[in-house]
Amino acid sequence: MKKIKSFEVDHRKLDEGFYISRIDGDIITYDLRFCKPNTGTVVDMVSMHTIEHMLATFTRNSKAAEDVVYFGPMGCQTGFYFLVRDSVKPEEALEIIKDALKKTIAHDGAVFGASEIECGNYRNLDLAKAKPWCERYLAALENVTNIMNYDEVNKM
């Protein structure tokens, strides 16, 4: 069987950062790597779930709202996937994520979708636990000057 694209990148070469995972037609999948893989550091499930609710909401309400396809967690707990149409350039996608992180950090209200009606595990949300992860990732994104795709990572 053919390997999926995310299994083809050498995870030993990935660090915290913002990568292009794949391009399928007009859809670009971004790898939002919150943690360096296989180091023992992973985002706890409460924080992951909370970040998913917050960033999915903020990105789908961004200036590129109509072009946001998906925002969701990686099963390995080291980050998230962000899918947008190719009308959103990589630098714009990065800025949308930075803005969503800043808004999450500044948010004082309830977690979006934190009710039994809106979420299948609504008790598993905690904004106070998620904010430090958002701060940490936002700091890591300040160092991003080149948005690499997985093929470029493998060549490193």
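A salt bridge here is a side-chain nitrogen of Lys or Arg within 4 Å of a carboxyl oxygen of Asp or Glu. By that rule D24 pairs with R22, with 2.5 Å between the closest N and O atoms. The model is predicted: local features need pLDDT of at least 70, side-chain atom pairs count only at pLDDT 80 or more, and totals for chains, interfaces and linings use all residues. Residues are numbered from 1 along each chain as its sequence is written, and side-chain values use heavy atoms, with hydrogens and water left out.

View 1. Four strands form an open sheet in the order 1-2-4-3, with antiparallel pairing. Strand 1 (17-24) and strand 3 (68-73) are the edges; each has a single partner strand, so one side of each lacks a neighbour in the sheet. Direction ignored, neighbouring strands are turned by 20° against each other on average. Strands (E, at least two residues) and helices (H or I, at least four residues) are DSSP runs, numbered from the N terminus. Two strands pair if DSSP finds at least two bridges between them.

**View 2. The hairpin of strands 1 and 2.** Seven bridges join strand 1 to strand 2 (residues 27-33) in the antiparallel sense. Two residues lie between the strands of this hairpin, and G25 in the turn has a positive phi of about 60°. G17 stands opposite R33 of strand 2. R22 stands opposite T29 of strand 2.

View 3. S21 belongs to strand 1. S21 is buried, at 5% relative accessibility. Buried means under 20% relative accessible area, exposed over 50%, and partly exposed in between (1.4 Å probe, protein chains only). Leaving out residues up to four places away in sequence, S21 touches K5, T29, Y30, D31, Y81 and Y150. Contact means heavy atoms within 4.5 Å.

**View 4. Salt bridges.** The structure holds seven salt bridges. In the R22 and D24 pair, R22 is partly exposed at 32% relative accessible area, and D24 is partly exposed at 35%. R33 bridges to D31, the closest N and O atoms being 2.7 Å apart. Both R33 and D31 are buried. D10 bridges to R12, with the closest N and O atoms 2.9 Å apart. D10 counts as buried at 17% relative accessibility, whereas R12 is exposed at 70%.

**View 5. Helices on the sheet.** Helix 2 (residues 45-59) lies across strand 3 and strand 4 (79-85), at about 170° to strand 3. Helix 4 (residues 127-141) packs on the sheet and touches strand 1 and strand 2; its direction makes about 80° with that of strand 1. Axes are lines fitted to C-alpha atoms, for helices over the stretch in contact, and angles run from 0 to 180 degrees between N-to-C directions.

**View 6. Helix 3 against helix 4.** Helix 3 (residues 90-106) packs on helix 4 at about 145°, with the axes 9 Å apart. On the helix 3 side, the contact residues include L94, I97, L101 and I105. On the helix 4 side, L127, C134, Y137, L138 and L141 are among them. By class, the contact has ten nonpolar, one polar and four charged residues. Ala, Val, Leu, Ile, Met, Phe, Trp, Tyr, Cys and Pro count as nonpolar, Asp, Glu, Lys and Arg as charged, and the others, Gly among them, as polar.
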